[in-house]
Amino acid sequence: MTRKQLTTLILVLILVAAGATALMWSIKKPQSPNQLVAENGGKPTAPESQPQNNGTKPTPTPEVITSDIDTSDWKTYRNEELGFQIKYPNEWGIDEEKIDHRFNPG
């Protein structure tokens, strides 16, 4: 075998090894929790790079108001164009100075 053939063979082997390594790297899957349990002799563990709760906070339970509120003397705002109405206390009002008329010219 000549020196040129040997060099070509080594170069081809290096390229094949690099391609195989790249292919294995691209299809490698992260371990599932079941695999981690099996590898630890049945003891569940979480990967150290991930937090135990996946970084989420528990959703708070909304407060339920059970007392009855007398709305019989409240005013009612109706919007016929959008098809809704809402009741509001008499003490509530509109501060004309704070209205932004850029979005509702008129």
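Biologist: Thanks! What share of the residues of the protein chain count as buried?
Modeller: Of its 106 residues, 3% count as buried. Keep in mind that this is a predicted model.
Biologist: And which secondary structure does the protein chain have?
Modeller: There are 2 helices and 2 strands, and along the sequence they follow the pattern α-α-β-β.
Biologist: What about contacts between residues 24 or more positions apart?
Modeller: Such pairs make up 0% of the contacts in the protein chain with a separation of 6 or more.
Biologist: Which residues make a nonpolar surface patch?
Modeller: Met1, Leu6, Leu9, Ile10, Leu13 and Ile14 make one of about 630 Å².
Biologist: Where is Leu6 found, and why does Leu6 count as partly exposed?
Modeller: Leu6 sits in helix H1, which covers residues 3-27. Leu6 counts as partly exposed because its relative accessibility is 42%, and that class lies between the cut-offs of 20% and 50%.
Biologist: New topic: how many aromatic pairs does the count come to?
Modeller: The count comes to 1 aromatic pair. Tyr77 and Phe84 form that pair, with 6.0 Å centre to centre and 55° between the planes, so the pair is tilted.
Biologist: Nice. Is Tyr77 buried or exposed, or something in between?
Modeller: Tyr77 is partly exposed, at 38% relative accessible area. Phe84 is partly exposed too, with a value of 38%.

How values were computed:
Residues numbered from 1 in each chain as written. Predicted model: local features only at pLDDT ≥ 70, side-chain atom pairs only at ≥ 80, totals over all residues. Heavy atoms only, no water. Helix = DSSP H or I, 4+ residues; strand = E, 2+ residues; numbered from the N terminus. Buried < 20%, exposed > 50% of the residue type's maximum accessible area, 1.4 Å probe, protein only. Contact = heavy atoms within 4.5 Å. Patch = residues over 30% accessible without salt bridge, like charges linked within 9 Å, V, L, I, M, F, W, Y side chains within 5 Å. Areas by Shrake-Rupley, 256 points an atom, 1.4 Å probe, with all protein chains shown as cover. Salt bridge = Lys/Arg side-chain N within 4 Å of Asp/Glu carboxyl O. Phe/Tyr/Trp six-rings, centres within 6.5 Å; stacked < 30°, edge-to-face > 60°.
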